[in-house]
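Here are a few quick notes to go with the model you asked about. Have a look at it first, then read on.

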Amino acid sequence: MASMLDLDQLRTFVAISDSGSFTRAAETVHKTQSAVSMQMRRLEERIGKPIFGRDGRSAKLTEDGERLLGYARRMVRLSDETMAAFDDDELSGRVRLGTPDDYADRFLPEILARFSRSNPRVEVTVVCEPTVQLIECLRAGELDLGIITNIKGTPMTEVVRQEPLLWVVSNHHQLEQDDVLPLALGRDTCCWRKTAIEALAQTGRRYRILYSSNNSTALAAAVLAGLAISVQPESALRPGMRVLGEADGFPKLAPCEIGLIRAWNKPTTPIVDALAEHIVSSLDNLSMQIAAE
């Protein structure tokens, strides 16, 4: 009869894959690094195939390791959901989260997936608006939590992620050679738009704004079609985009700071605290993925 898989070993295996490191995974699952290594050796013995690199310490998965990962994630998720369904102390209720649409596109899939697995009884309402509008909603108590672009002077903002803000153009076009640069930027209230315009003004580069939208997908479409140059955070880069630097005549921009902000004058709740923790954890995980790439 085939050996039964150990759920604890699978949970550790998933943690290694998510963190990219045996050491960081050990912290996540609250085990020593030697215990984590022993678990993975036993897991390899159970399935009869190597799942990591030859040295036994590398977090790089083999082809069989990649195949096992999909099954492991489903088994761990099903276990968590089953336990949550029978936990009378599980959080329940509603939380209102605000975020600009570009952050929603990049960050929410992992944030909501993780949060839902741990808190299946909580209803999450998501509102997508530009940062300036979200701040007003939080001030009015219409939202509980917001993921925003940090704007100097905004109170109660916890910066949870920082990444380069980059000039981007289509791979197949040389718009940076135009005498008057065609730009695709956010609306007047967008802080990235202000940063880009101020930087070009300081270098004396001529420009014209051809496309203006608060929708990041629309701006990316203008770039990929070869119609305009835009600015994007590092994590928003898409296949087909090329980064422009100082060698191309484009000044270095101040980094993008992503902040977590709670509603004004409103006591926090366990649900809001739990979602905030999942947001910070997911953004940390994204940082490790980008560093690995």
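1. Helices (H or I, at least four residues) and strands (E, at least two) are DSSP runs, numbered from the N terminus. This is a predicted model, where local features need pLDDT of at least 70 and side-chain atom pairs count only at pLDDT 80 or more, while totals for chains, interfaces and linings use all residues. Residues are numbered from 1 along each chain as its sequence is written, and side-chain values use heavy atoms, with hydrogens and water left out.

2. On to β4: this strand and β10 (residues 256–262) are antiparallel partners over 6 bridges. Opposite Gly-259 in β10 you'll find Val-159.

3. That pair belongs to an open, mixed sheet of 5 strands, ordered β2-β1-β3-β10-β4. β2 (122–128) and β4 (157–163) are the edges with a single partner strand each, so one side of each has no neighbour in the sheet.

4. Helix α5 (residues 101–118) lies across β1 (93–99), β2, β3 (145–149), β4 and β10. Its angle to β2 is about 175° (axes are lines fitted to C-alpha atoms, for helices over the stretch in contact; angles run from 0 to 180 degrees between N-to-C directions).

5. Overall, the chain has 9 helices and 10 strands, and its C-alpha trace spans about 70 × 50 × 30 Å along the principal axes. Of contacts (heavy atoms within 4.5 Å) between residues at least 6 apart in sequence, 75% join residues at least 24 apart.

Notes: Two strands pair if DSSP finds at least two bridges between them.
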